[in-house]
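Open the structure in your viewer and follow the stops below. Each one says what to select and what is there.

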Amino acid sequence: MSDLDVQIPTTFDPFADANAEDSGAGSKEYVHIRIQQRNGRKSLTTVQGLKKEFSYNKILKDLKIEFCCNGTVVQDPELGQVIQLQGDQRKNVSTFLVQAGIVKKDNIKIHGF
C-alpha cells in the first residue's frame, strides 16, 4: 500500500508560468496580457511587462480612446506598473501594441481562458 502514487489536486495558478519563465537568466522580456474576472460578466484586462522608458499614461490614454473603455495605471510592489482596462480587451491590446511598434508579436503572451 505504501507504493501507491497519489496525486493531490492543487489550485490553479494562472501566474505560475510567467514566474517560472522570468526566473531564467537571459530570458526574453515578455509583455503579459491577462484577464481577471470581477463579478458576473465584468472583467479586467491587465498589461504587464512594458519597458520602463515608455509613458504608461500616454499608452493608457491611446488605449482608452481606441477601444472606448476606461482604465488606470496601478503601481504594484512586485510587478511594477500595470495597465488595467475594463472589459476583455486582450486581442485588441495585443494588435494595438504590435501596430504601434511598442512590442514585437513574438514578445507578447496572452493569458486567460
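Start with the whole protein chain as a surface. Its accessible area is about 8400 Å², and 49% of that belongs to carbon and sulfur atoms. Areas come from the Shrake-Rupley method with a 1.4 Å probe, with only the protein chains shown counting as cover for residues. This is a predicted model: local features need pLDDT of at least 70, side-chain atom pairs count only at pLDDT 80 or more, and totals for chains, interfaces and linings use all residues. Numbering runs from 1 along each chain as its sequence is written, and side-chain values use heavy atoms, without hydrogens and water.

Switch to cartoon. Look for three helices and five strands, in the order α-β-β-α-β-β-α-β. These are DSSP runs (helices H or I, at least four residues; strands E, at least two), numbered from the N terminus.

Now colour by pLDDT, the predictor's confidence in each residue, from 0 to 100. The chain averages 84.

Next, select Phe67 and Phe96. Their rings form an edge-to-face pair, 6.1 Å centre to centre with 75° between the planes. Rings of Phe, Tyr and Trp (its six-membered ring) pair with centres within 6.5 Å; planes under 30 degrees apart are stacked, over 60 edge-to-face, the rest tilted. Phe67 lies in helix H2 (residues 56-67) and Phe96 in helix H3, 29 residues apart.

Last, select Lys109 and Tyr30. The charged end of Lys109 sits over the Tyr30 ring, 4.9 Å from its centre. The rule asks for NZ of Lys or CZ of Arg within 6 Å of the ring centre and within 35 degrees of the ring normal.
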